Amino acid sequence: MLDVENKRMADSLANKVTRLKSLALDIDKDADEQNRYLDGMDSDFMSVTGLLTGSVKRFSTMTRSGRDNRKLLCSVSAGLIVVFFILYYLVSKAGT
């Protein structure tokens with residue numbers, strides 16, 4: 001009688017251990033996938049940082065140069081602001 005109950009409890013424990021092992025392997029697999037995703041995001045951010053740094057350098061050079069470039073800079077800035085508001089308007093209209 002005790003032997004049967006012992007075997008039943010041992011089987012129950014073995015099932016629980018199997019489930020825990022499976023869960024631990026799933027967690028490990030998920031952590032590896034998330035690490036790969038984060039590594040990809042890191043390289044994306046590094047490339048964007050390089051792009052923005054180059055843009056800031058060109059913008060700074062443009063503002064430090066003569067008066068003609070300042071006029072061009074003002075017109076480009078005003079144009080970008082107008083394009084931004086037009087896109088904002090179109091996106092808001094498309095959303096409703």
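Which side chains meet in a salt bridge? In this predicted model, the partners are Asp 3 and Lys 7, with an N to O distance of 3.9 Å. A search of the whole structure finds one such bridge. Side chains of opposite charge can pair when their charged atoms come close. The cut-off for a salt bridge is 4 Å, so the 3.9 Å contact of Asp 3 with Lys 7 qualifies. Both residues belong to helix α1, four residues apart, and are therefore separated by about one helical turn. Asp 3 is partly exposed, at 49% relative accessibility. Lys 7 counts as exposed, at 52%. The two values fall on either side of the limit, because exposed means over 50% relative accessible area.

Helix α1 spans residues 2-64. Negative charge gathers in a patch on the surface, made up of Asp 26, Asp 28, Asp 30, Asp 32 and Glu 33. Asp 28, one of these residues, is found in helix α1. The relative accessible area of Asp 28 is 43%, so this residue is partly exposed.

Met 41 also has its place in helix α1. With 29% relative accessibility, Met 41 counts as partly exposed. Cys 74 lies 33 residues from Met 41 along the chain. The C-alpha atoms of Met 41 and Cys 74 are separated by 34 Å.

Helix α2 covers residues 67-95. Tyr 89 is found in this helix. Tyr 89 also takes part in a nonpolar patch on the surface, together with Val 82, Val 83, Ile 86, Leu 87 and Leu 90. The accessible area of the patch is about 570 Å² in total.

The structure holds one aromatic pair. Its rings are those of Phe 84 and Phe 85, with centres 5.6 Å apart. A pair of aromatic rings is described by the distance of the centres and the angle of the planes. The planes of Phe 84 and Phe 85 stand at 70 degrees, so the pair is edge-to-face. That class requires an angle over 60 degrees. Phe 84 is exposed, with a relative accessible area of 53%. Phe 85 is likewise exposed, at 52%.

Key: Residues numbered from 1 in each chain as written. Predicted model: local features only at pLDDT ≥ 70, side-chain atom pairs only at ≥ 80, totals over all residues. Heavy atoms only, no water. Patch = residues over 30% accessible without salt bridge, like charges linked within 9 Å, V, L, I, M, F, W, Y side chains within 5 Å. Areas by Shrake-Rupley, 256 points an atom, 1.4 Å probe, with all protein chains shown as cover. Lys, Arg positive; Asp, Glu negative; His and termini not counted. Charge placed at Lys NZ, Arg CZ, Asp CG, Glu CD. Helix = DSSP H or I, 4+ residues; strand = E, 2+ residues; numbered from the N terminus. Buried < 20%, exposed > 50% of the residue type's maximum accessible area, 1.4 Å probe, protein only. Phe/Tyr/Trp six-rings, centres within 6.5 Å; stacked < 30°, edge-to-face > 60°.
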